[in-house]
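Trainee: I am new to this structure and would like to go through it step by step. May I put some questions to you?

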Amino acid sequence: MNEIQELKNDLKNKIFDQGFHWKILFIGTSVNGTTDIVSSLSRSLRNLGHHVLDLDTSRHRILNNPLRRQGGMGPIYVDYDKLSPTVEAFQPQVIICCAGGLTFTESDAQKLKDRGIVLVGITLSDPDVFPSIKEHQHVFDLHTTNAEISMAMYKDAGIHNTVYFPFGIDRGFVTQDVPETDKFDADVICLGHATNRPDRNTMMTYLDKKFDVRTYGRGWEVPNSVTVAGQEMVQALQGGKVHVNFPLTRAGFINIKCGVFESAGQGKVVATGEFEEMSHFFKYDEEIIGYKDEADLEKKIARLLENPEEYDRIATAGFKRIVNEHLYEHRWMALFDELRSITEKNNRWLNRERAFQIEQILATSYPRAKKVIISGFYGARNLGDEMILKSISSRIRQADPAAQVYVAAESPTNVESRHGLQAFDRKLHEVSAYQVKTAAAVVLGGGGLWHDYTFERGGGLAALFNGGTISMAGFGILPLMAKVVGAQFHVVGLGVGPLTDKYAANTVRFLANQADSIYVRDPESESLLTKVVGLRPDQVFSAPDTVYGVEIPAVHSENDKLRQLQQAGYSIIGINLRPWAAENMVEIAKTVSRSLIALERKLGAEGKKLAVVSLPMQAGVRMDRAAVGEVFRRLPKSIETIELSADGEISLEQYISALESCEAILAMRLHASLIAHRVGTPAVGLCYDPKVSRHFEEVDRSEFGLPLLADSEQILDALYLSMIHGISEKSRESVNALEKAVGEALDVSVNAISNIIDEPRVYVVPADNEVTPKRRATPPPPVKKASFQSIVSEVDGIPGGLNSVRKELISGLEVLQLAMNVDRPAAGMRVSHSGVLKFVEAKPTEVSFKLTSLYNNAKAAGKLFVEFVCDGQTFRQDLTETTMPVEIMLTTTGKPELKFTYSIICEEEAFKARSWADATKVLLELVSTKPAARVTRSTMKSSAGTVISA
């Protein structure tokens, strides 16, 4: 075994730990897959033991890109309002915005800082992107640049929060094993693109005449060049003996490239141009080789190929330098040491209060992260299932501060954004296999997952062995993998049955016998497991549904419509129905509507009015909302009906708020009744399943658990009695006892997980099929059959005229930007774009625009205004009115083109400030067009501001 292989083996088992562990929200996206720099940086944070939630911006719609930037250019804003639910759930100490021009607006950054969060920005494309981001990185507590040359650029621009964070390499990239192949063998290689890079093509075509040369990427003139990625990229790196690196960037700067570390990290000799910054990382002629021109490089390569001992000496020395100093784990540790040492005295950008606040935030350290995977029907927008996840995950985290919960989910994106828990697609078994290798335990539950309703449809017995994705097989593969790798497996809050199929029962027996503990949600499930499946009584115990353990959130805001109805003297009833194929739900809707009409008459005799609010548990226009809609459309207008959501998706906080406004609810779903009883609102059940009847029995309200086909009089009587008497003291005591019992039941598995002494885990580079595929949730681009044309920019009253503001004025076919580049706006100043709005077809058209202004300083109110005038319609808005995008809708008569003027106007002198150029930036975007009904004159509407018709 050679020295490089020995070093690699040592690195595989090495644990990096800085002695503290933070909760870090990592925001970015890996453009080039699992070996991408962003992936490597995220993975290395986990290898340091931090609790990391990685939000992939290709899946999470949390960005605002007003200037349509790409390629690392900025600014691309992370939207606070979109991010806030995740922040609230995860409670990070640090947010890292990684690459891609990501930043925050000043106001959003301040909101996050006010929540006790340290903000770090990572730039990976300097110095090329510096001009586009320099005005936006000051919002971070600490910002990094990948280029030493850029340090002076930031200082010259007055930005002092920036430190040097050079490229490195992920330890998993160094240690990964790929199949050996000779198809990439070559004397000299270059991996990278050469499009519009004549320096690269000149060098490599010269070398191709002298040596066996391979080039990988786009734009190469060397014959047989191909593009490689993933495993093939690593094989290509391993196949080349000498790797040529070009330090020149597209913008003409000399800079260290990440490819240097990738090549040296594969134990190969790197040849790069000679420059001072590189000498800080590698010694020329000792750990890498340098070159001045083609002839010099030819000579040095020839010498290495003729002297294998010399080649091995340099390759080994370069590899040693990598594993000892240049891993991303090293980079993070150095950066975090710098972050922890920030004080008022040693920085020029933070005041005493903020420096002290950062010190206090980062003083909290968690134990090294211990991964616990919860698997279930999560992220599918079913509020009942989300409450189960919340109950189990919060209990685990309360019992064990080391635990970081991951979720094997139906929709990972929904789970991450709503629960602040890292998630992956449970149906992708290769992904599950990768995740479970670093897990201490897997929890299956809760909900009804062990039954034979879908056993045959899910593939029957074979599904457990050929990758089934539904039924008990679909939920059984991950726990079995857990046992194979030595992780614990716990069943929590599961519903069992029916199990009439022999092989379904046998499958449950097999899975159950692998479990370290089994907690089922009712005695019937326990009986099935012991009497039908054949488990020993000591293997399983029953306790109430885990939703009894979910923390009831404090309601901070009420629904305005419900509050108004209460103040107007309405009695409010909640209603929850669901689709159910076993019965005619239209007939059931008719029955329910008759009972509500009768209830209105009964209340009317008492001088009261009735309102009904829809309380769906399963989101989706064809789900609960549609079932309730069948009732609503049969009710008279005298009964007020309220929809809380257009698609039936309601948060737990909204649900609790609505329940607290109700005098009673009528519900089919188990968890709708259960959570109502927990908040003190009496429920009447339509029991479509034995689990619903059991719930009403266990809370001593069995008389209110009606058959699904109950008649309208039964429903009327049960609702009316519930409204009059509410929940009895005996029922309240039962609910309290059930809550306590669930806590004790959860503690069985939770304490077992807490007691696991988990060995530190190493996160390696996953294979391409071991990560959840990127699913860019982007709709098709809107149709735009119009454009801004013949633009003329003008200014009035501004010293220096048009030249002084020219760089702030942007005009394109679909986007217009204005700004006032002055120190103090004065009355009469004006900047504008004028031109024509030109249409593809001379037909009546509805044109949608979006106006974006990020300025909200109340001191400037009444001083500056933005105007958009088109075809006799004028939109006008105070610049400080809102930072939310304003929608403007123009309906035209069908003219082929319309004159417009878009302006910022100062009507009263404002205060002096250097930031007016940025503060007054206002963007007008043409969003879409669609055919409109014929009108005699153009009309305009807007979501804010004022519209004036000529």
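Trainee: Which elements do the buried residues of α3 pack against?

Mentor: This is a predicted model. Helix α3 spans residues 80–90, and its buried residues are Tyr 80, Leu 83, Ser 84, Thr 86, Val 87 and Phe 90. An α-helix has 3.6 residues a turn, so residues three or four places apart point the same way. The partners of the buried residues of α3 are β1 (23–28), β2 (51–56), β4 (76–78), β5 (94–98), α4 (106–114) and α17 (412–419).

Trainee: Which residue caps the N-terminal end of α3?

Mentor: The cap involves the backbone nitrogen of Asp 81, with a side-chain oxygen placed 2.9 Å from it. That oxygen belongs to the capping residue, Asp 79.

Trainee: Which residue follows α3, and what is its phi?

Mentor: Most residues other than glycine have a negative phi, and most peptide bonds are trans. The residue after α3 is Gln 91, found in the loop between α3 and β5. Gln 91 has a positive phi although it is not glycine, with a value near 55°.

Trainee: Is Gln 91 buried, partly exposed or exposed?

Mentor: Buried means under 20% relative accessible area and exposed means over 50%, with partly exposed in between. The relative accessibility of Gln 91 is 45%, so Gln 91 counts as partly exposed.

Trainee: Where does Asp 700 lie, and what is its phi?

Mentor: Asp 700 is in the loop between α28 (690–698) and β28 (705–707). With a relative accessibility of 33%, Asp 700 counts as partly exposed. Its phi is positive, in a residue other than glycine, and is near 60°.

Trainee: With which side chain does the side chain of Asp 56 make a polar contact?

Mentor: Asp 56 is placed in strand β2. Because its relative accessibility is 12%, Asp 56 counts as buried. At 2.7 Å, its side chain makes a polar contact with the side chain of Thr 29.

Trainee: What is omega for the cis peptide bond that joins Gly 445 and Gly 446?

Mentor: Gly 446 is located in the loop between β18 (439–444) and β19. For the cis bond between Gly 445 and Gly 446, omega is about -10°.

Trainee: What is omega for the peptide bond from Gly 497 to Pro 498?

Mentor: Pro 498 belongs to the loop between β20 (488–496) and α21 (502–512). The bond from Gly 497 to Pro 498 is cis, and its omega is near 0°.

Trainee: What is the radius of gyration of the protein, and what does the globule rule give?

Mentor: The protein has 31 helices and 40 strands. The globule rule gives 30 Å for 950 residues, and the protein is close to this, so it is as compact as a globular protein of that length; its radius of gyration is 32 Å.

Trainee: What percentage of the residues of the protein count as buried?

Mentor: The C-alpha atoms fill a box of roughly 100 × 80 × 55 Å along the principal axes. The protein exposes about 39,500 Å², of which carbon and sulfur atoms supply 49%. Of its 950 residues, the share that counts as buried is 57%.

Methods. Residues numbered from 1 in each chain as written. Predicted model: local features only at pLDDT ≥ 70, side-chain atom pairs only at ≥ 80, totals over all residues. Heavy atoms only, no water. Buried < 20%, exposed > 50% of the residue type's maximum accessible area, 1.4 Å probe, protein only. Helix = DSSP H or I, 4+ residues; strand = E, 2+ residues; numbered from the N terminus. Contact = heavy atoms within 4.5 Å. Polar contact = N/O pair within 3.5 Å; in protein donor to acceptor, adjacent residues only side chain to side chain. Rg over C-alpha atoms; globule rule 2.2 N^0.38 Å. Areas by Shrake-Rupley, 256 points an atom, 1.4 Å probe, with all protein chains shown as cover.
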